Amino acid sequence: MFITLEGIEGSGKTTQVNNIIRFFEKRGDDCIVTREPGGTEIGKQIRTILLNPGNRNLFPLAELLLYAADRAQHLKEKIIPELSSGKTVICDRFFDATTIYQGFARGLDMKLIQNLHHIVLDDLKPDLTILFDLPVKTGLTRAWKQIDEGSRSNAETRFEKEALAFHEKVRSGYLELAGQEPDRIRIIDASNDKKKVSEEIMAILTHELENR
Ligand code: TMP
């Protein structure tokens, strides 16, 4: 099973990953957690370029191609082999982030992005995507608090530094996408406290597994 987590900055995806692993381990399922960008050693190098706030001159097309390169490496090196060996793969962001950040928010041609997805993904799609939704200001406040406290790296703030309007586009893009694919993309209210968010995720996972 291939599960992806999506959402705006500060939506709490990374915090919930441990609860998701525990859920699968309790069932006796083998699972791995990974992320994009940066799910492989080569991907970590690409991540450094993509998230470095000093890279203000990175053109949107170059940004898109770097995400695609990270994903191509990640799929071949990790995601496909792990899925083939029967493991559940949980990925913190995947191709929907490209559709939303580079397409919806940056305004790159959606057709180009779909073509790239076609080349890179080779028809692989997540079985389930959990969209962590919350107001942009709440998310950004959380993200900057984590950065100020040192639990998130200050060297990875290129997107946090985008204008509020950019993040509003990201949020509305994700909600629109979820509306187009309600069977795959499940929205949770990430403005709730951690316990409530975790319960909502567990209910979605239980329902998904019962209906597979
Ligand atoms: P994160 O690891 O904190 O989620 O940061 C990754 C950032 O990269 C986040 O701001 C979203 C952005 N991103 C894209 O713009 N396109 C993509 O395809 C992916 C995977 C992430």
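Me: Why is Glu-6 called buried?

Reply: This is a predicted model, and in it Glu-6 has a relative accessible area of 1%. You will find Glu-6 in strand β1, residues 2–7.

Me: What makes the pair Glu-6 and Tyr-174 a polar contact?

Reply: The two side chains come to 2.6 Å. The cut-off is a pair of N or O atoms within 3.5 Å, one able to donate a hydrogen and the other to accept it. The pair therefore counts as a polar contact.

Me: How do you know whether Ile-204 is buried or exposed?

Reply: Its relative accessibility is 6%. The limit for buried is under 20%, so Ile-204 counts as buried. Ile-204 belongs to helix α8, residues 194–210.

Me: And Asp-123, why does it get the label it has?

Reply: Here the relative accessible area is 66%. Exposed means over 50%, so Asp-123 is exposed. Asp-123 sits in the loop between α5 (110–121) and β4 (128–133). Its phi is near 75 degrees, a positive value in a residue other than glycine.

Me: What is the label for Arg-93, and why?

Reply: Arg-93 has a relative accessible area of 14%. With the line drawn at under 20%, Arg-93 is therefore buried. Arg-93 lies in the loop between β3 (88–92) and α4. Its phi is positive too, about 75 degrees, although Arg-93 is not a glycine.

Me: Which residues come nearest to the ligand?

Reply: Of the 15 residues around the ligand, those are Glu-9, Tyr-67, Arg-93, Thr-98 and Gln-102.

Me: What makes up the shell around the ligand, by class and by element?

Reply: By class, the shell has 6 nonpolar, 2 polar and 7 charged residues. The elements giving two or more residues are α2 (41–51), α3 (60–84) and α4 (95–105). The largest share, 4 residues, comes from α4.

Methods. Residues numbered from 1 in each chain as written. Predicted model: local features only at pLDDT ≥ 70, side-chain atom pairs only at ≥ 80, totals over all residues. Heavy atoms only, no water. Near = heavy atom within 4 Å. Nonpolar A, V, L, I, M, F, W, Y, C, P; charged D, E, K, R; others polar. Buried < 20%, exposed > 50% of the residue type's maximum accessible area, 1.4 Å probe, protein only.
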